[in-house]
Amino acid sequence: MFDAPQTGRKKLLRSLAGEAMEVPPVWLMRQAGRYLPEYRATRAEAGDFLSLCYNSDLAAEVTLQPIRRYGFDAAILFADILLIPDALGADLWFVTGEGPRLSTITGPEGLAKLKGKDDIHDHLAPVYETVRILARELPEETTLIGFAGAPWTVATYMIAGRGTPDQGPAHKLRQEDPATFGALIDLLTEATIEYLDCQVQAGAEVIKIFDSWAGSLKGAAFDAFALEPAKRITAELKRRHPGLPVIAFPREAGEKYIGFAKAVGADGLAIDTKVDPAWAAEHLQPDSCVQGNLDPKYMVTGGQELVDATRAIVDALKHGPHIFNLGHGITPDANPDNVHLLLETIRG
Ligand SMILES: Cc1c2[nH]c(c1CCC(=O)O)Cc1[nH]c(c(CCC(=O)O)c1C)Cc1[nH]c(c(CCC(=O)O)c1C)Cc1[nH]c(c(C)c1CCC(=O)O)C2
């Protein structure tokens, strides 16, 4: 931690290597999204969200749009965490205004219908091609982030067949049929390793693991199904690609954020809006680069409140490695001008 400055290296990689910076690197979750008119136009051209994900040229185009408009320090591959279940054979579709729908897994028969961990690549080839295009086309100072959902979060959608407020169906399977549940987590862990390995081979420089529903796992279940899979994925990716930086995002982990990055072997830890940045500086930054955590609501409302909240986060985290981001994705009702205000506040 706190290495000597490595000028010349990309800013985001310097933060992940442990360097504290006066002006932190910045990117936003969902920075390519519906709040941008150019995204809405490209999405209309693609037809629907999934067609956009699997159209390499258009997916690369929407990834580049926020980089052109704002000059963020990182671009994140445009794809979705649910492409893995799609590749494994769980039919996936999106209902406009509602969200994802998939076939459900309620027992061993549902699991048996899925493909193996090595049978996903034909389906995911367009994603790897998107990464290759981006590796060629991004400005040299911009870091390319690849990603996947964490096994638990992806499993919650595969088991319920949709998003759920409390991940109830996944908790039920976990408790009532631990063999099926455990086998699903193992399959997802192994498939995710192969998927992310291919993203890195195609040119992704950093990997982020999104565990959006980690907070609904408590105690030993958190350790077994949020921490352990992230640790397995990180260890295997780093074995295959020594030096690869990994960012973990066990959203709403609360006290369980403490020690998570170290236990997993992650270089960065993304924090949600509920975490106090001063607490993160004290408890999390000694172990890892901290990424976060402005409330996305400020991107809708803007003004002096946005400026003050942004400065408070930068100040609280400036003595250690920090990547500025939101605590969750930017929303479709965000005002694109507020992103300029955010960047002026951070960069001066
Ligand atoms: C749970 C989850 C999903 N997807 C994702 C998560 C984990 C993070 C989180 O909690 O937000 C992650 C995700 N989704 C998307 C990305 C691309 C990278 C990025 O911009 O951050 C990433 C990293 C694009 C997307 N994924 C989705 C959109 C909106 C699609 C559109 O209508 O154009 C985008 C830009 C769709 C999506 N995808 C998913 C849902 C529940 C929805 C519907 C909700 C919504 O419409 O906002 C599953």
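Modeller: Let's start at Gln167, which sits in the loop between helix 8 (151–160) and helix 9 (168–176). Keep in mind that this is a predicted model.

Biologist: Okay, why does Gln167 count as buried?

Modeller: Gln167 has 22 C-beta neighbours inside 10 Å. The cut-off for buried is 20 or more, so Gln167 counts as buried.

Biologist: And what is said about the phi of Gln167?

Modeller: Its phi is positive, about 55°, although Gln167 is not a glycine. Most residues other than glycine have a negative phi. Glu252 does it too, with a positive phi of about 60° and no glycine there either.

Biologist: Where is Glu252, then?

Modeller: In the loop between strand 6 (246–250) and helix 12 (260–264).

Biologist: What makes Glu252 buried?

Modeller: Glu252 has 20 other C-beta atoms within 10 Å. Buried takes 20 or more, so Glu252 is buried.

Biologist: What is the peptide bond from Gly292 to Asn293 like, cis or trans?

Modeller: That bond is cis, with omega near -15°. Most peptide bonds are trans. As for the setting, Asn293 lies in strand 8 (residues 289–294).

Biologist: Which residues of helix 2 and helix 4 meet?

Modeller: From helix 2 come Glu38, Tyr39, Thr42, Glu45 and Ala46, and from helix 4 Leu58, Glu61, Val62 and Gln65. By class, that contact has 4 nonpolar, 2 polar and 3 charged residues.

Biologist: Now the loop between helix 1 and helix 2. What makes Ala32 buried?

Modeller: Ala32, which lies in that loop, has 25 other C-beta atoms within 10 Å. With 20 or more needed, Ala32 is buried. Among the residues Ala32 touches are Tyr39, Val62 and Phe78.

Biologist: How do you know that Gly33 is buried?

Modeller: The count for Gly33 is 20 other C-beta atoms within 10 Å. Since 20 or more is the rule, Gly33 is buried. Gly33 is in the loop between helix 1 and helix 2 and touches Tyr39, Ile330 and Pro332, leaving aside residues up to four places away in sequence.

Biologist: So why does Arg34 count as partly exposed?

Modeller: Arg34 has 15 C-beta neighbours inside 10 Å. Exposed means 12 or fewer and buried means 20 or more, so Arg34 falls in between and counts as partly exposed. Its place is in the loop between helix 1 and helix 2.

Biologist: Which residues does UniProt list for "binding site"?

Modeller: The unreviewed entry gives Arg30, Gln31, Ala32, Gly33, Arg34, Asp80, Tyr157, Ser212 and His328. They span 299 residues of sequence and are spread in space too, up to 23.0 Å between C-alpha atoms.

Biologist: And how many residues surround the ligand?

Modeller: There are 21, the closest being Arg30, Gly33, Gly99, Phe210 and Ser212. By class, this shell has 11 nonpolar, 6 polar and 4 charged residues.

Definitions and conventions
Residues are numbered from 1 along each chain as its sequence is written. This is a predicted model: local features need pLDDT of at least 70, side-chain atom pairs count only at pLDDT 80 or more; totals for chains, interfaces and linings use all residues. A residue is near a molecule or strand if its C-beta atom, placed from the backbone, lies within 6 Å of it. Ala, Val, Leu, Ile, Met, Phe, Trp, Tyr, Cys and Pro count as nonpolar, Asp, Glu, Lys and Arg as charged, and the others, Gly among them, as polar. Two residues are in contact if their C-beta atoms, placed from the backbone, lie within 7 Å. Helices (H or I, at least four residues) and strands (E, at least two) are DSSP runs, numbered from the N terminus. UniProt positions are given in the numbering used here, feature names are shortened, and annotations may be inferred rather than shown by experiment.
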